[in-house]
Structure formats: C-alpha cells, structure tokens
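Here is a friendly briefing to read with the model open beside you. Please take a look at the structure first, and then follow the topics below.

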Amino acid sequence: MLDQYGWSERLQHDFAPYAAQGLKAGRVVVQQRGGYRLITEDGEADAKAASRLMRSQAEMARPVAGDWVAFEPRKPPEPLFVQHVLPRATAFVRKAAGRGLHAQVVAANVDVAFLVTSLNSDLNLRRLERYLATTYESGAQPVIVLTKADLAPDVAAFVAQVRTIAGDAPVLPIAAKRGEGLEAVAAYLEPGRTAVLLGMSGAGKSTLLNALAGSERMSTGEIREGDERGRHTTTHRELVLLPSGGLILDTPGMRELGLWEADSGVSQAFEDVEALVTECRFSDCSHGSEPGCAVRAALESGDLDPDRWASFQKLQAELAFEHRREDPRAAQENKKLWAGRQKQMRAWVKQKRKGPDD
Ligand SMILES: Nc1nc2c(ncn2[C@@H]2O[C@H](COP(=O)(O)OP(=O)(O)OP(=O)(O)O)[C@@H](O)[C@H]2O)c(=O)[nH]1
Ligand SMILES: [Mg+2]
Ligand SMILES: [Zn+2]
C-alpha cells in the first residue's frame, strides 16, 4: 500500500530509528481543521498529531498533506497518534498572516507543482512569477496549467504571453470539462509521483483532479457572477491516488502567495533577468544612469518587459525587507552596502564630469 503512495528507500532509511521504537509509517492524505487522515500499510485511518508538533512556534514542524510520518498505532476508534514528521524531500512554503507573519507549509514531498490559472479573466503574469519562484524554492518541478481554454477567445495568444515569463516550465492549456489537454497533464503523473494543484479559488483545480481521476473525488463550485471569483469550495487538502498510479494533492484556493525566504527561487524564476544583470559593466550597477547597463539597454530595445523588470525588483525588495526584519545585523549590513553603492556612484559621476583632459 505505502509503495503506491511513493514509499522509497530514502524514506525507509529515515524511518528506521522510529521503526526500532515500535512506531509505524504513514503518509498524510487528508489535512483539515479537525485533524488528519493517514494512509498506512493497513489502509486509511484518522489521526491526530502530538501537541509537541502542533505548538505555534514550530509551524514548520507540523504534519501537512503529503508528509510521511511515524505514528503510534491505537485501537480504533482512537485516532492514530503522529509522533514524528520524516524529513521532507520538497516543501512548498508561503508566508502566512495571523499570529504574526510565519512560514506555512502548503504541501510536502511533491515532485511536480501544477500552477493552475484560469484563462477566464484570472490570468496574471505577476502572480504566476510568484508561484514559479516559490515552486523553484520548494524543489518541485513547476508546470503551468491554463484552465478553461473553452472560454478563451484566443488560447494561443494567452499561451504565448505566459511563455514569456515561464522560462523552462511547460505551459499546458486545458479544458477539463471537455476532457481536452488532459493527457499532457497526466504525462507528469507517473506511478508513485506526487503532484500538487496550486492556485486561486475558482481556477478549476478540483475540476481537473476529477477529470484525471475519472470520478467526482472532490466537490467543485460555480464561481461568482460579476467578479468571477471562486467561492473557496475546497477547504481541506487531500491527496488522491489516481487510477493511473500517480498521486495528486488538491488544495484550497490561495488569495495571496507571500514569499518566504525564496531568494534562490526568485533567481531561478528570473534567470533571464539575472543573466542581464551580470552583463552590466559594473558589478554593483544600480541600473540607473551608469554606462554599460545591460538592463537599461534591454529595456530600451524591448528585450526586457518593463513590467517583468518591475516585478523582479518588487520581489527582491520583498525578500530584502523580510531579511531585515528577521535579523538586525543583516539590516545594518544592507544599509552599509547601499551607502557604499551611493558613494561609488557619486565618485563615478564626479569623475565623468571632470572629463579625461581636466
Ligand atoms: N468552462 C469551464 N469551466 C470550468 C473548467 N474547469 C473548471 N470550471 C468551472 O470553474 C468553477 C470552479 O471550479 P473548481 O474546480 O471548483 O475550482 P477550484 O480551483 O477547485 O476552486 P477552490 O476549491 O475554491 O479553490 C466550476 O464552476 C467549474 O465547473 C473548464 O475547463 N471549462
Ligand atoms: Mg477546489
Ligand atoms: Zn545595470
């Protein structure tokens, strides 16, 4: 049973010390307010986690959907008792509000992240960039899924637009209700591999899951008339084993996706922009008025979309803000760095004004 859910040699190894304590292994297939459901070698059962794991300070330590855990067996109807979370191969982490800003793990141990967005009126490249950065940071492979192609007047134009920011990520237009484009999505769901569906409410995540499963595994809901927003139909996270052997995790729609320590993820999602930056003549170029600025040249020639550049700068600023908040020394260093840059700039401008023959 566990093999079907992706049990591996690595997990076997990580689990060994807990096995020695008499604990059993399971994977979280349902995560909701009231508790968990695990898949175990004896089938599915309800579970709760040790309060030690649920303490608010240690949110990252709590079991989430997709996690592999070590649990104490209990006599039914007592819920199984989760004692440990095994190390995560990947984790999709966002910044969440409430009780102060903190990291929230949306899904664990996913190989592929389907970034689901509707071609209805929902398409927002800036939001997709955030999802891409968070996915790269997570260690999962991003795949962009554009839903409701049946409602879009010009699907190819949308796809082309999304490709400009997608980098290496595949872009798959689908019409789940008509069963169009599903094979391309299913190609990422080999047996034992886990994918997660991420996106705004109403994007069509659960509809896609049902289409792949060939049955109504998840409830779906009409979007609101007028503003076309979703109604937050899915309120829990659920991992579903597909007839094909792949695993797919449905999640509730996210209103916002705040970045959490996603520096390298942002770099990967903006590889094109980062490559330009390295071509600037000065390694500390502020992309203002310095000569030899590759960014400005690309903006002027139209090779770099000003909106994408602004988006990159915004995400960088967001990350820097978080770092400063976390660590006062980092804040100090940041300030020093900027002061140094300004000094350099002023010196350079002065020299330029003087001219070579002066
Ligand atoms: N026309 C059309 N409608 C679709 C398609 N896929 C989904 N929908 C509709 O979009 C609405 C929202 O779909 P859901 O699957 O519930 O969306 P969701 O992303 O799971 O939303 P939350 O659970 O709220 O996060 C439903 O009315 C679906 O019937 C599609 O391919 N074409
Ligand atoms: Mg849903
Ligand atoms: Zn520059």
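G192 is found in the loop between α5 (182-186) and β11 (194-199), where helices (H or I, at least four residues) and strands (E, at least two) are DSSP runs numbered from the N terminus. This is a predicted model, in which local features need pLDDT of at least 70, side-chain atom pairs count only at pLDDT 80 or more, and totals for chains, interfaces and linings use all residues. Residues are numbered from 1 along each chain as its sequence is written, chains are lettered from A and ligands numbered from 1 in the order in which they are written, and side-chain values use heavy atoms, with hydrogens and water left out.

- G192 counts as partly exposed because its relative accessibility is 26%; buried means under 20% relative accessible area, exposed over 50%, and partly exposed in between (1.4 Å probe, protein chains only).
- Leaving aside neighbours within four places in sequence, G192 is in contact (heavy atoms within 4.5 Å) with Q4, G6, D111, G245, G246 and L247.
- With L247, the C-alpha separation is 6.6 Å, although G192 and L247 are 55 residues apart along the chain.

**S201**

- S201 is found in the loop between β11 and α6 (205-213).
- S201 is buried, because its relative accessible area is 15%.
- A polar atom of the S201 side chain lies 2.8 Å from the backbone nitrogen of H232.
- Beyond its neighbours within four places in sequence, S201 is in contact with G230, R231, H232, T233, G253 and M254.

**Ligand 1**

- Among the 22 residues around ligand 1, those that come nearest are D150, S201, K205, T207 and T234; a residue counts as near if one of its heavy atoms lies within 4 Å.
- The shell around ligand 1 has six nonpolar, eleven polar and five charged residues.
- Oxygen atoms of ligand 1 lie 2.8 Å from a side-chain N or O atom of K205, 3.4 Å from a backbone N or O atom of H232, and 2.7 Å from a polar side-chain atom of T234.
- Taken alone, ligand 1 exposes 650 Å², and the protein buries 94% of that (Shrake-Rupley method, 1.4 Å probe).

**The magnesium ion**

- S206 (OG) and T234 (OG1) coordinate the magnesium ion (ligand 2) at 2.0 to 2.1 Å; donors are N, O and S atoms within 2.8 Å of the metal (3.2 Å for Na, K and Ca), and sites may look incomplete because water is not among the atoms.
- This pair links distant parts of the chain, 28 residues apart: S206 is in helix α6, and T234 is in the loop between α6 and β12 (237-241).
- Both S206 and T234 are buried.

Terms used
A polar contact is a pair of N or O atoms within 3.5 Å; within protein, one must be able to donate a hydrogen and the other to accept it, and residues adjacent in sequence count only if both atoms are side-chain atoms. Ala, Val, Leu, Ile, Met, Phe, Trp, Tyr, Cys and Pro count as nonpolar, Asp, Glu, Lys and Arg as charged, and the others, Gly among them, as polar.
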